[in-house]
Amino acid sequence: MTKPWWPRVIAGAVLFVAVAGHAQDGEKAVPDSGQQNFLARCGGCHLEGGFGTRVLSRRVPADRAMLERRGGLPAGRTRAAVRNGIGSMPQIRAAELDDATLSSIAAYLTRAQ
Amino acid sequence: MRPIDPRLLARALKRFEGVVGAAHVYIGAEARTGYADAMAPRDPASYAPQAAVAPANVDEVQAIVRVAGELGIPLWPISRGKNFGYGGSAPHFADVVMLDLVRMNRILEVNVAMGYALVEPGVGFDDLYHHLVDNRIPLWISAPAHTWGSVVGNALERGIGYTPYGEHASKVCGLEIVTARGELMRTGMGALPGSKTWQAFPYGFGPSWDAAFMQSNFGIVTKMGLWLMPEPEHTLSMNMQIEDEAHLPAAIDALRPLKLDGTVQANPSFGNVVRSLSTRATRSTYFTGRGPMPRSSLEAARRSAGVGNWNFSIRLFGDPRINAINADRVRKAFAAKVPDQFTTTEWHRGEPLPGSGSPVPSLSALGVVDWLGGPGGHLTFSPVSGFSGAEAWTQYTTIRSMYEAAGFDYYGGFTAGQRYLNHINMILFNRNDADMTARANTLFANLIATAADKGWGEYRTHTLYYEKVASTYSYNHNALQRWNETVKDAVDPKGIIAPGKMGIWPRSYRDAKA
């Protein structure tokens, strides 16, 4: 039942930029499933102003607190953080976030710039 | 505890795989990590479960329960496992198999005209919110501080929200239960085939059982009816910062008659200064010493953050003309007792929901666990207070002094019901600090004992403290405890559903302990 957070959580302009970043010239901007899954399942904390972003900004340089802007985040690190929890972030178990969805999110964060 | 025979466990897991598919049975490290208490006040591995099974529907729940009954495998049902501070997704001892209902996440019905929903245990507050908003359904959810958790789980644990429907347990209307024998049962009007009023008339015919499945281990709830509040035309939020903390009792006494006569229908929550500061920054922003923050540092922090010693909002919902009249009554009642002034904000139907008084999806409340720099954890202590300024003040000062003597900042608030206050306070600690967690546990046990001596009982507690709290409800040689055990033995003779939850142990476990 989990629906995306993003229609109401982030400003439309930010979403447009994020989505359009993956579009080729002349193509309609279509968000990939990894990005959609990230927004739906992680966006509650890891977008601008979220709990995760705020907690991370106390520990890492400002441009690294937003996971989508890290660029090249290794998939193994995303997977470990999600399954084991990290710092004040609770773990998220397979029954609520299956391996395939997690893999798509991890792959998205690896290639997101 | 009673260990599970490994051969029986292996047989059970094999059969569970046959019911739900191997992909939805979890064993070994995956289960121990996945179902650990994320805010654990002690080594989470010490009470992490052996295995977990996640059914997708009621038939699968029934099949699992039948296998568990046949083989004597204790199950620990959870919905979404986001009950942080009270145990999260963990059981209270390791020798169980988690029955994880998170995949049962259908919103089965929303009745707009009658204002109710029928939902499964895996439905989160955010799911229900989006369903209502996306389908332009003019009904509002009520939710606790964060919206990650289960609508069903929260109501069954008697969680609290901040709209006029905030006493969630009282808005439950009709349950579907899988019994310990694996039978399917519906409560209230749901027991009548073809009934049109399962979610409308809460009592049915004969004994009413909805409340017996709350904070209990008598059955597994697979569907729940919940009344939802019609979207109001207008809301008016009256916000006050109490500068001098000694004015808290007067403010509570000002609110009481307004709650009793229905002028104020939502549940205002008086939060202390640390509650306000911890959502903004870590403690080290304000103070870098050890032990509880000194009064002088708290006062300086409070002034720089622009918050009161106590902070609260009274939100009025409904017709703007009636809200204006009620706001006037609120202002007069408080002006006679406290010097601080209200500031107000308004919302009108059609405007964006944030700030309206409707919960919106948010996890920012979890940020408080970062107060000490983390990795953060918390234990929530939740005694009920009489609705009087004098009693709340005694409870606050007693508990605060115990926090400070144990080296912790007091973090707390009083949330007003119609005739009671829930004094929800949290011991915030770093999970990797053995000294701190030891002190947190000692403090928690002492709080339970001290509260009981003064006639204060908890409305809810962490899984690790079920027995300690249950033992304080001891009137007439534990008559209530014996009643609970009698019911447990009758409805779950093999003791397979959440043994020990709320201190209610099945006979076989009691015999083993004796």
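Reader: How many salt bridges are counted between chain A and chain B?

Author: The count between the two chains is four salt bridges, a salt bridge being a side-chain nitrogen of Lys or Arg within 4 Å of a carboxyl oxygen of Asp or Glu. The model is predicted, so local features need pLDDT of at least 70 and side-chain atom pairs count only at pLDDT 80 or more, while totals for chains, interfaces and linings use all residues. Side-chain values use heavy atoms, without hydrogens and water.

Reader: What makes A:Arg59 and B:Asp370 a salt bridge?

Author: Their side chains meet at 2.6 Å, N to O, and the rule asks for a nitrogen within 4 Å of a carboxyl oxygen, so the pair qualifies.

Reader: Why is B:Glu176 called buried?

Author: Buried means under 20% relative accessible area, exposed over 50%, and partly exposed in between (1.4 Å probe, protein chains only). B:Glu176 has 1% relative accessibility and therefore counts as buried. B:Lys223, at 10%, is buried as well.

Reader: Which parts does the salt bridge between B:Glu176 and B:Lys223 tie together?

Author: The closest N and O atoms of B:Glu176 and B:Lys223 are 2.9 Å apart. B:Glu176 lies in strand E8 and B:Lys223 in strand E10 of chain B, so the pair joins parts 47 residues apart in sequence; strands (E, at least two residues) and helices (H or I, at least four) are DSSP runs, numbered from the N terminus.

Reader: Why is B:Arg256 called partly exposed?

Author: Its relative accessible area is 29%, so B:Arg256 falls in the partly exposed class.

Technical notes. Residues are numbered from 1 along each chain as its sequence is written. Chains are lettered from A and ligands numbered from 1 in the order in which they are written.
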